[in-house]
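Here is a friendly walk through one protein model, meant to be read with the structure open beside you. Let's begin with some strands and then look at the inside and the surface.

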Amino acid sequence: MDKQNPWPGLAPYDENGQNYFKGRDEDVEELLRLVRMAPLTVLYGKSGLGKSSLLKAGLFPKLRQDHYLPVYVRLDCSSQGSKTPMAQVFELLLAELAAQQADFPEPQPGETVWHYLHRRDLELWSGDNRLLTPVLVFDQFEEVFSHNRLDPARLRQTCHELADLAENRIPAAVGSCPEGRRAAAQLDVFAQRYRIVLSFREDFLPEIKNWEREVPSLLKHWRQLKPMTRKQAVEAVSGSGGAVLASGVAEAIVDFVGNLDEARSEGDHTIEPVLLSLCCYQLNLRRLQRRADVIDAELLGHVGQNILQEFYENALARMPASVRLFIETQLILGDRYRASYPVRLAIENQFINEAQLAELTGRQRLLRIDHQLGSDRIELIHDRVVSVVRKSRDRRKKLSEIRKIWAVAAVVMIVAGSGMSGLTFWQRSIDQLNLAKAQADLIESKRALAAEAAGSRGPGIVYMQVRSREQLPESKAIRQVLIDQGFRVPEIESLTTGPSATEVRYFDDQAAESAVKIADLIKSAGVRDVSAKLIPDYHHADRRKQIFEIWFAPDAFSS
């Protein structure tokens, strides 16, 4: 990275790119404060917000200025790994000490990272004779808990060893045998001359929180990374790309990425850093290709939409058609809004598999997983991508219609070649197509009228959660009634937790009338104690105006 290439695209910033990492000063300073103050610091946030960049390009340079030694740890958690996760940590620590040309004692045979960091003679000196404090930074820590990549015994052992390190506890092996007690005499067991930082995706917070019983200090000192505000985003673009940006174009780029109107550009809007970096990176490539001095408003207007289109197509280039179909039919609502879909149902229905989901939420950053009211759901990474997905969906539908016409034409040609009346056969085929289209239009009209009668101002989507498989037959009947009323209703999800009474939840005041009508439909099916409940201040309410959730009580269908 340099002044002519100040953005990394979808790749994270690294420490060499610290001069071009802007807009996160407050987060960097807070993380630095926590590391100085506490042995264990937690950083979490949704995928695509730039946690790795914040650590490498933001925090690491500040730590080095304070004579800390940041050690970046990305564990290989596969069961086939030849080295245990904590052995990997020890190896990375020693490698970083060597890379920084530090003066440090050699490890003893069989020594663990806990023993090494508690040696009485442990002194780590920098090349300029400064005493160093190691900071073990575990990035993407959720991988320890995800996809069952570790066998249970190895996972428990890793968690125990890391808990001992984080809580500065004496490992059981040290005090349980004479050899361990003799070794302890060479240790300063009460010293904690190191720091630990854990960074992970927000949707893994419930799983990692379960570890709090073993690590009481786990969530005492934490920082949640949030999307950038417009002010932060403008600062990030202008601060890094001053040499290649025309005057005023930084604001235009941010508003394009955030899909903001000029009239409300001063509001409290948020920007996805991954899309911002992608857009800036691609605009700069176009500038270099044109041999232009700067990125200006004309270049943004000419190639802006194509940037997102290429991003979408590249993300799906290696995916089967079924994944594209799932995204274009289940993850957008109408023409303007994102929808979400339960992770478990998407995998069970074979819309997408775990490897594809990991690719699209990880390296490609097209999707993300959001924890909404007790359920993990898949959604597009940003509303700005909806228009691209919609255009792809509409183009796919048109191509499908054209293929049908050509198929009919091909049959006509075959019939004509056999001596039959091709004109008669063509007319009959056209009549059948028109009849099918008329029937489909009639059904759609009835559904639109029903939705209008129900007070809905556009397409609505209803998510249904039952408490057990035994409730599926009755709930499926209610689902069909809702579909007949014009609502989109995904497959029913089974959750063991939920409210004690049946609720129809909605997220916007203007949807109250529709929620009451849905509740009345459920009551007419024989379900008692059904209420419509507003979920106030929901963090996605701006795009959930016509989204409802039905939560059935455990005894909803009891006689």
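In which sense do strand S2 (residues 68–73) and S3 pair? In this predicted model, the two strands pair in the parallel sense, over 6 bridges. To find the place on screen, look for Leu-69, which stands opposite Pro-134 in S3.

S3 also has a partner in strand S4 (residues 195–201), again in the parallel sense, this time over 4 bridges. Here Phe-138 has Leu-198 in S4 as its bridge partner. The two pairings can be set out like this:

| Strands | Sense | Bridges | A residue pair |
|---|---|---|---|
| S2 (residues 68–73) and S3 | parallel | 6 bridges | Leu-69 and Pro-134 |
| S3 and S4 (residues 195–201) | parallel | 4 bridges | Phe-138 and Leu-198 |

Now for the whole chain. It holds 19 helices and 17 strands, and 48% of its 559 residues count as buried. If you take the contacts between residues at least 6 apart in sequence, 74% of them join residues at least 24 apart.

Next, the interior. In soluble globular proteins, nonpolar side chains tend to be buried together. The largest nonpolar core in this model has 75 residues, and those touching the most other members are Ile-253, Leu-276, Ile-327, Leu-360, Leu-366 and Leu-367. Helix H12 (residues 297–315) supplies the largest share of this core, with 8 residues. A second, separate core has 45 residues, including Val-113, Leu-132, Ile-196 and Val-215.

Neighbours within four places in sequence aside, Leu-276 is in contact with Met-228, Ala-233, Val-237, Ile-253, Val-254, Val-257 and Ile-271.

The accessible surface of the chain comes to about 27,700 Å², and carbon and sulfur atoms account for 51% of that. Which residues make a nonpolar surface patch of about 340 Å²? They are Leu-399, Ile-402 and Trp-406. Leu-399 lies in helix H16 (residues 386–417). Because its relative accessible area is 41%, Leu-399 counts as partly exposed, a class that runs between the 20% limit for buried and the 50% limit for exposed.

Technical notes: Residues are numbered from 1 along each chain as its sequence is written. This is a predicted model: local features need pLDDT of at least 70, side-chain atom pairs count only at pLDDT 80 or more; totals for chains, interfaces and linings use all residues. Side-chain values use heavy atoms; hydrogens and water are left out. A nonpolar core is a set of buried Ala, Val, Leu, Ile, Met, Phe, Trp, Tyr and Cys residues joined through side-chain atoms within 4.5 Å. Buried means under 20% relative accessible area, exposed over 50%, partly exposed in between (1.4 Å probe, protein chains only). Contact means heavy atoms within 4.5 Å. Accessible areas come from the Shrake-Rupley method with a 1.4 Å probe; for residues, only the protein chains shown count as cover. Patches are made of residues with over 30% relative accessible area and no salt bridge: like charges are joined within 9 Å, nonpolar side chains (Val, Leu, Ile, Met, Phe, Trp, Tyr) within 5 Å. A salt bridge is a side-chain nitrogen of Lys or Arg within 4 Å of a carboxyl oxygen of Asp or Glu. Two strands pair if DSSP finds at least two bridges between them.
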